[in-house]
Structures are given as C-alpha cells and as structure tokens.
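I am opening my notebook on a structure that I have not read before. I will write down what I look up, in the order in which I look it up.

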Amino acid sequence: MRALTTYAGATLPALLVLGFFVWFANWIPQTRWDPPKVRQIDAGATPGELAVMGQAIVRERGCMSCHTIEPGGGIKGQGRGPNLDALAVRRANGVAGGPETLVGYLTQALYAPGAYLVEGFSNIMPSSVKAPAKLNRAEVSAVVAYLESLGGTPSVTLASLPAPPDAGAAPVAAPPEAVPNDPEAMLDAFDCLGCHSLEAGEVLVGPPFQASLLVAAAAKAGADPVAYVMQAIVDPRAFEDAEFPAETMPDDYGERLNAAQLYAITEYLITQEGGQ
Ligand code: HEC
Ligand code: HEC
C-alpha cells in the first residue's frame, strides 16, 4: 500500500512503476462506486450471455473493493476478500456441510455470505441482494455464471438458479456493528469525530473533514476521490501526511465497517463541506 506514496514521488524505475500499475489496476479503480445501473436481463439469456453481464455487474457493484482476481495469487491474494481466480476449480464440489455443487455454493455465497465463512476471512461481506450491491435475482444468475467462468464453464440460467437459501435455516450474519444509517451518526458511532472535526479549519488529532481538502489530497496522490477516501479509511498507513502521523488513526476500520457503511461515509465525506 505504501507504493502509492512512492508513486506520487514518481522516482521508481519504469519496471516497478509498471508492476505498480498492474497492482493498482487490480485494486484501486474498481473500488469506484457507481449507483447501481438496472440491467435488462432477458429471461432466456444463455449461460455465456449471463457471464458477460455478470462480469460487468461485479465491477459496477463494488465487489472488487474487497475481491481481487489474481492468477496464482492463492486464496488469500491482496484483497480483503478471497482471490476469486480459479474459484470454479476450488469450489467445484461446493462446501463441506453446505451446498455440494458449484452453482449451489455460489448462490448461497451471494445471498448469505456469512453462512459458510471462507477460512481465514472475517464476516464483512454484505449479502449481495442487500445494499450496496442490491442484486436482483436475474443479476444474481448473471454473477453466478460469471463466477463459474473463473476456472470453469458457465452453466446456470435464470430458470435453473437455485432458490435463495432459507434465511431461517442459514445462520445469516449480523451486521459487523449495529450503528445508525445516517453518515454523521456513523462518524460519531465509530469515533471518527474524536479525531476529525466537521468544522472547517478545526484541527483535533487528524485533519478536519472537508470535501475540498479530500478531493485535493486525492488529486495529489493521483487517485479517484472515492478510492482515495475509502483507502484512507481502511488502510490509513497507505498515505503519509507530513502534518499528521498516520499511526494515530486506528487501522481496523476495514474489519469494523461493512461495505455499505464504508460507501455511505465516503460519499458523505467527499460531498459535504465542513460546518456548512
Ligand atoms: C466488504 C468486502 C466485500 C465485498 C464488498 C464483497 N465481498 Fe465477497 N467476500 C468477502 C469476504 C471477506 C469473503 C470471505 C468470507 C465469507 O465467506 O463471507 C467473501 C466471500 C465471497 C465468495 C466466496 C469465495 C470463496 O472462496 O468461496 C464469493 C463467491 C464472493 N465473496 C463474491 C462476491 C461478489 C460477487 C460481490 C459483489 C456483489 C462481493 N463478493 C462483495 C468480502 C467482500
Ligand atoms: C485516533 C484518531 C483518529 C480516528 C479515531 C480516526 N482518524 Fe482518520 N485520521 C487520523 C489522522 C492522524 C490522520 C492523518 C494521517 C493520515 O493521513 O493517515 C487521518 C486521516 C484520515 C483521512 C485522510 C485525510 C486526508 O486528508 O488525506 C480520512 C479520509 C480519515 N482519516 C477518515 C476517518 C474516518 C472515516 C474515521 C472513522 C471511521 C477516522 N478517520 C477515525 C486520525 C484518526
């Protein structure tokens, strides 16, 4: 993550810069959050057609803010969620104690991610049919077809997609922390306001929250404002700041905030102007 700072300095040899861009392309730009586009998915779409749409949906709905697709990267990869490369091979027989087919498992994993936690990961993935991704059933079938294509051949259709797992039977995960939906209340509940003031110019422990300052800082780092702020929250050590020591900010917000909370806070921070 420190690479971003180095990049701003632009002192790296060309090869390292190239390597960085490959990493960067796999990580930052896809964290952009665009409001969900409604897709017309034909009920008769073939598995191959669904997979193409599924790939676009996965990129548009924020999945890649946590997941990576890194050939040879192992299940852990560089993301906050499992590396999805060769997922179809890894999950060809589903999961022990749960669905025993790839399609059954993927459907389960999208509707109720916490039911069979992937070992070594925490329960931070929001259900794909809830905010922020809010997939409808046709979109779930497209995403399942795309995930099947990661190491296998898409086979699912809208008609053959398994029924949503019974919420009563599957232990659906509780949200990481029960806090209000309102961004300002969230900032308070997660103690952000102990260190960051909403009053323009008021310095507590860290820089005040001012959209114009954040947008300028993002530009300086050569990053998209949404990506910059999300990364500053989940990985505060990524950006060095001469004025404020990065070590002061807790580095566990990636585990404490779910994706919906992270997006809501980020959108709020880059659009509001402190104290106005
Ligand atoms: C906030 C981070 C986050 C977001 C956003 C997210 N995931 Fe996940 N995902 C995880 C984590 C962490 C796991 C592993 C823990 C678990 O099983 O829930 C996981 C597990 C999975 C698995 C099971 C992988 C395996 O190896 O068995 C699939 C499939 C998956 N996610 C797909 C998606 C899709 C598709 C989206 C977008 C609609 C998405 N995820 C959004 C964090 C996330
Ligand atoms: C204990 C103090 C502390 C807490 C709590 C804290 N931060 Fe920070 N934060 C800092 C400091 C110090 C910096 C400046 C150093 C740096 O950039 O890493 C910072 C930097 C940031 C930045 C980058 C600002 C910029 O101009 O580049 C963002 C965005 C941010 N914090 C958001 C949050 C959010 C959201 C929360 C709550 C979920 C939070 N912080 C909680 C101390 C804190």
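**Two loop residues**

I began with Ala 86, which I found in the loop between α3 (47-60) and α4. I am reading a predicted model, and I keep that in mind for every entry below. The phi of Ala 86 is near 60°, which is a positive value in a residue other than glycine.

I then looked up Asp 191, which sits in the loop between α7 (183-189) and α8. Here, too, phi is positive in a residue other than glycine, with a value near 65°. I recorded Asp 191 as exposed, since 11 other C-beta atoms lie within 10 Å, and the cut-off for exposed is 12 or fewer.

**The chain as a whole**

I next stepped back to the chain, whose secondary structure comes to 11 helices and 0 strands. Of its 276 residues, I see that 34% count as buried. When I took the contacts between residues at least 6 apart in sequence, I found that 60% of them join residues at least 24 apart.

I also checked the confidence, and the mean pLDDT of the chain is 79, with 79% of the residues reaching 70 or more. Over residues 167-177 the pLDDT is below 50, and I noted that this stretch has 17 contacts in the model beyond near neighbours in sequence. The pLDDT also stays under 50 over residues 1-35, for which the model has 43 contacts beyond four places in sequence.

Which residues come nearest to ligand 1? Of the 28 residues around this ligand, I listed Cys 63, Cys 66, Gly 81, Phe 121 and Met 125 as the nearest. By class, the shell around ligand 1 divides into 18 nonpolar, 7 polar and 3 charged residues. I found that α5 and α6 each supply at least two residues of this shell, and that α5 gives the most, with 3 residues.

Among the buried residues of α5 I wrote down Leu 102, Val 103, Tyr 105 and Tyr 111. What covers the buried residues of α5 includes α4 (87-90) and α6 (137-148).

**Ligand 2 and the α8 and α9 pair**

I turned to ligand 2, where 27 residues lie around the ligand, and Cys 192, Cys 195, Gly 206, Phe 244 and Ala 246 come nearest. The shell around ligand 2 divides into 21 nonpolar, 4 polar and 2 charged residues. I noted that α8 (211-220), α9 (225-234) and α11 (259-271) each supply at least two residues of this shell.

How do α8 and α9 pack, at what angle and with their axes how far apart? I read an angle of about 95°, with the axes 9 Å apart. That angle makes α8 roughly perpendicular to α9, because angles of 65 to 115 degrees count as roughly perpendicular. On the α8 side I recorded Leu 214, Val 215, Ala 217 and Ala 218 as making the contact, and on the α9 side Pro 225, Tyr 228 and Val 229. By class, this contact of α8 with α9 has 7 nonpolar, no polar and no charged residues.

Key: Residues numbered from 1 in each chain as written. Chains lettered and ligands numbered in written order. Predicted model: local features only at pLDDT ≥ 70, side-chain atom pairs only at ≥ 80, totals over all residues. Near = placed C-beta within 6 Å. Helix = DSSP H or I, 4+ residues; strand = E, 2+ residues; numbered from the N terminus. Nonpolar A, V, L, I, M, F, W, Y, C, P; charged D, E, K, R; others polar. Axes fitted to C-alpha atoms, helices over the stretch in contact; angles between N-to-C directions. Parallel < 35°, antiparallel > 145°, perpendicular 65-115°, else oblique. Contact = placed C-beta atoms within 7 Å. Buried ≥ 20, exposed ≤ 12 C-beta atoms within 10 Å, placed from the backbone. pLDDT = per-residue confidence, 0-100.
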